[in-house]
Amino acid sequence: MPVYINYKKCTGCKICYEICPMDVFSWDEETDLPYLAHHDECQHCGDCYFDCPKKCIDITYPICLW
């Protein structure tokens, strides 16, 4: 899974949910927090990582072997 959310830091600001161009995130109304609904769709653009005000998102980039 390329994206990891540190829920201990997450404040539920919705920035990752709103900014992701691939709609990787969905929103849990009960916890008022994002969750990864479509992690396979992640294109590793880094928008969620760079725009998160609490820096609670981490991205694991795939290894390129060429």
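Which residue takes a positive phi near 60° in the hairpin of β2 and β3? In this hairpin, which has 4 residues between the strands, the residue with the positive phi near 60° is Asp32. The structure is a predicted model, in which local features need pLDDT of at least 70 and side-chain atom pairs count only at pLDDT 80 or more, whereas totals for chains, interfaces and linings use all residues. Residues are numbered from 1 along each chain as its sequence is written, and side-chain values use heavy atoms, with hydrogens and water left out.

The secondary structure of the protein consists of 2 helices and 4 strands; helices (H or I, at least four residues) and strands (E, at least two) are DSSP runs, numbered from the N terminus. Read from the N terminus on, the order of the elements is β-α-β-β-α-β. Strand β2 (residues 25-28) and strand β3 (residues 33-36) run antiparallel and are joined by 4 bridges; two strands pair if DSSP finds at least two bridges between them. Within this pair, Asp28 has Leu33 of β3 as its bridge partner.

With regard to overall form, the radius of gyration of the protein is 12 Å, which agrees with the value near 11 Å that a compact globule of 66 residues would have. This radius is taken over C-alpha atoms, and the globule rule is 2.2 Å times the number of residues to the power 0.38. The C-alpha trace spans about 45 × 20 × 15 Å along its principal axes. Of the 66 residues, 30% are buried (under 20% relative accessible area; exposed means over 50%, and partly exposed lies in between, with a 1.4 Å probe and protein chains only). Of the contacts (heavy atoms within 4.5 Å) between residues at least 6 apart in sequence, 47% join residues at least 24 apart.

The cysteines were examined next. A disulfide is a covalent bond between the sulfur atoms of two cysteines; here the criterion is a pair of cysteine sulfur atoms within 2.5 Å. The search of the whole structure finds 0 disulfides. Cys16 is in no disulfide, and the nearest cysteine sulfur, that of Cys10, lies 6.2 Å away. Cys45 is likewise in no disulfide, the nearest cysteine sulfur being that of Cys20, 6.1 Å away. Cys16 has a relative accessible area of 9% and is therefore buried, whereas Cys45 counts as partly exposed because its relative accessibility is 41%. Cys45 is located in the loop between β3 and α2 (47-51). The C-alpha atoms of Cys45 and Ile59 are 9.4 Å apart, with the two residues separated by 14 residues along the chain.
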